[in-house]
Amino acid sequence: MPFNRADRRAILRLGGTALATIGTAGCLQSRSSTDRTVTMTGGFGFDPEATTIAPGRTVTWKNTSDVDHTVTASEAELPDGATYFASGGFESERAARNTLTAGLIEPTSEYERTFEVPGTYHYYCIPHESSGMLGTVQVE
C-alpha cells in the first residue's frame, strides 16, 4: 500500500522531532545550565571531585564533615581572564595560605562562587591537600 503525501509529511515530522530530541539529550548530558553543590566530606574529599557548569552558574561547597576545610583555587592554573577565588575572600593563593584560619569553612557552613569565564578551575583544601583533597570545576 503506497503512502500518500500526508503520511510522508507525518513520518518526516516525527523523524525530525526524534532526531532533535536525541541531539538535545546528548548536549544536556555533557553540559549543565544549573547551579551545582559540592560536598566537603569527613574523608578529606570533595564530592563530586569534578563538576561541570555553564558560564554564569554557581557552585556551592557544603561542609558536611566535622572538621574545617577550605576551597582554594590553584592560581597558576586559572583560565585566562579568570579572577582568583578562595574561601575567606582572598585575592591570591599566597594570601590564602598565609592567613589560613580566615578561609576555613566550619562544619555545616558553605562557600559559593559564580563562574563567568569558561575553562578548567583546579582547587584544593589547604589543610588536607596532602591527603588528596582536590577538585575541579569545568565551565563550558
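Select Thr70 and Ile126: a polar atom of the Thr70 side chain lies 2.8 Å from the backbone nitrogen of Ile126. This is a predicted model, in which local features need pLDDT of at least 70, side-chain atom pairs count only at pLDDT 80 or more, and totals for chains, interfaces and linings use all residues. Residues are numbered from 1 along each chain as its sequence is written, and side-chain values use heavy atoms, with hydrogens and water left out.

**Stop 1: around Thr70**

Stay on Thr70. It sits in the loop between strand E4 (57–63) and strand E5 (72–73). Helices (H or I, at least four residues) and strands (E, at least two) are DSSP runs, numbered from the N terminus. At 2% relative accessibility, Thr70 is buried; buried means under 20% relative accessible area, exposed over 50%, partly exposed in between (1.4 Å probe, protein chains only).

Now show the contacts of Thr70 (heavy atoms within 4.5 Å). Leaving aside neighbours within four places in sequence, they include Phe46, Ser87, Leu100, Tyr124 and Pro127.

**Stop 2: the aromatic pairs**

Select every Phe, Tyr and Trp. The whole structure holds eight aromatic pairs. Rings (for Trp, the six-membered one) pair if their centres lie within 6.5 Å; planes under 30 degrees apart count as stacked, over 60 as edge-to-face and the rest as tilted.

Zoom to Phe46 and Tyr123. The two rings are edge-to-face, 4.7 Å centre to centre, with 70° between the planes. Phe46 belongs to strand E2 (residues 46–47) and Tyr123 to strand E7 (residues 119–124), so this pair ties together parts 77 residues apart in sequence. Phe46 is buried at 4% relative accessible area. Tyr123 is buried too, at 2%.

Next, Phe85 and Phe115. This pair is also edge-to-face: 5.3 Å between centres, 85° between planes. Phe85 lies in the loop between E5 and helix H2 (93–98), Phe115 in strand E6 (residues 110–115). Both are buried.

**Stop 3: the cluster**

Select Phe46, Trp61, Phe85, Tyr111, Phe115, Tyr121 and Tyr123 together. Ring pairs link them into a cluster.

Conventions: Polar contact = N/O pair within 3.5 Å; in protein donor to acceptor, adjacent residues only side chain to side chain.
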